[in-house]
Structure formats: structure tokens, C-alpha cells
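Let us walk through a structure, starting with its pocket and moving on to its charged pairs.

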Amino acid sequence: MRFDLVTLFPAIFDGYLTQSLLEKAIKKGLVEIHRHDMRDWAADTPHRKVDDRPFGGGPGMLLQVDVTVPCVEDVERMAQTPSRKILLTPQGKRFDQPMAEDLAISDRVMLLCGRYEGFDQRVIDILEPEEVSIGDFVLNGGEVAAMTIIDGVVRLLPGVLGDEQSNWDDSFSRGNRLLEFPQYTRPREFRGHGVPEVLLSGNHEAIATWRSEQSLEKTERRRADLLDRPQ
């Protein structure tokens, strides 16, 4: 799977791309991540200017359409596979596990990372990207949101996790749209807190029942809204 990151700050991803499961997935050839600096498409070459004041007044600066659109069009031509274009914005559709699963079957995703007050509206009108948000809050830019989406998607790709069952039982996931059940490991007791006896019983049917009950109870207590969603 290929990700193209369109950003003003490609170096933000330096550490992120060289750690943990993502680094291993890249080395295995399961994932390609390409960074593209929008400033390389700036017409004002000496200053590499990519933003300007909004017409009609107001605070902040907007990313210019005459920089962003040519940049995205050129990046699109860098590979034969068409990309799903995702523009990261607080105004977009909320990113969730079903969306991650949907993106994971794509061959190529392009993530447009906004900055300042966002993009000129004509970027959206011309490119028609999917507008996506990771939550009802505002970040300094789309780079952290892009990392969130990459993290959520990459772990769903075959061969990335050591145990493919891991992403099936996770909270919100395909095998469990509710919150995940509690889990325990050694030691069996710590400061008076023990492991539920059912998990030590070896009775797999009883363990499965207990986990299902715990998942439902936790969801009812913490996220009752999930019970109304299609499973």
C-alpha cells in the first residue's frame, strides 16, 4: 500500500517513520510512504510562498489554490495507481475504525495536511477530496492527524501484526464493534489485585462468554452510544 503525504513540514514524520511496526512494515515492502513538500510547487521560488491573506478579511492565512492543486496533480502522476485523496480538516467526517478498514483495502491513499487557517475552498471544489477529521478539536496542522490515519490503517494490512487476530478483537473492530474486554498477564496477583479465575480455568467456552459479557458491560458503562450502531 502506498501513502503520499502532501505537507509543508515533511521532517515532522522523520521519527515516526523509523519506529516500531511501521518501520518493519516499510522494510518488508508492505507499505510505501512518500513525502511531498508543497513549497516545491511555489511559484515564488526565492521565498517558496504558499499562503496568503483571505479575501474579505479575517485572521490567519490560507494555503493557496495555485500551489496546492498543481502539487496534488503532480503527486498523483507519480504512480500509476489512482489515489484516494483525504484532506484533513476539523470540518470533515469523523475518522473511525470502519473508515480505517475501508482505507486498508485501497492500494494508494494521498493525505493532504493543512496548516494555518486551512486550504482555499477552491482546492476542495477542484480536487474533490474526502474531508476527514480525527476529532472535534483543532490541531496546528494535519500532520499529526495523518499519522493517526496511517497508524490506524497500516496495522490492518496483512503481515503487519504478528497475530492477525489482534486487530479483529480490538475495540470498535470488525469482530467487536464494542469496547474490548479487560486483559491480564503475569503476575497472577499484584498488591491485592488478582486475575479473574475464569481466565485461569482453561475453559475456552467460559472464557469467551466472560469476555463477551465484560465487553458489553464496559460499553454500556463508558460508551452506550455504540450499542445503537450497526454491529
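A pocket is defined on a 1 Å grid over the protein atoms alone: it is an open set of points where a 1.4 Å probe fits, with protein on both sides within 12 Å along at least five of seven lines, and lining residues have an atom within 4 Å of a point. This is a predicted model, in which local features need pLDDT of at least 70, side-chain atom pairs count only at pLDDT 80 or more, and totals for chains, interfaces and linings use all residues. Residues are numbered from 1 along each chain as its sequence is written, and side-chain values use heavy atoms, with hydrogens and water left out.

Start at the largest pocket. Its lining holds 25 residues, and Leu88, Thr89, Pro90, Glu117 and Gly118 lie nearest the centre. Strand β5 (84–94), helix α4 (121–127) and strand β7 (130–133) each give two or more residues to this lining. Helices are DSSP runs of H or I with at least four residues, strands are runs of E with at least two, and both are numbered from the N terminus. β5 gives the most, with 5 residues.

A salt bridge puts a side-chain nitrogen of Lys or Arg within 4 Å of a carboxyl oxygen of Asp or Glu. By that rule the count is 18. In one of them, arginine 84 meets glutamate 130 at 2.9 Å, N to O. Arginine 84 sits in β5 and glutamate 130 in β7, 46 residues apart.

How exposed are these two side chains' residues? Buried means under 20% relative accessible area, exposed over 50%, and partly exposed in between (1.4 Å probe, protein chains only). Arginine 84 is partly exposed at 22%, and glutamate 130 is partly exposed at 31%.

Now take a buried pair. Glutamate 143 and arginine 115 form a salt bridge at 2.9 Å, N to O. Glutamate 143 lies in helix α5 (143–154) and arginine 115 in the loop between β6 (108–113) and α4, so the pair ties together parts 28 residues apart in sequence. Both residues are buried.

Aspartate 51, in strand β3 (51–52), is another story. Aspartate 51 is buried yet has no salt bridge. The nearest side chain of opposite charge (Lys and Arg count as positive, Asp and Glu as negative; His and the chain ends are not counted) is lysine 49, 4.3 Å away.

Finish with helix α7 (204–222), where arginine 221 and glutamate 217 lie 4 residues apart, about one turn of the helix. Their closest N and O atoms are 2.9 Å apart, in a salt bridge.
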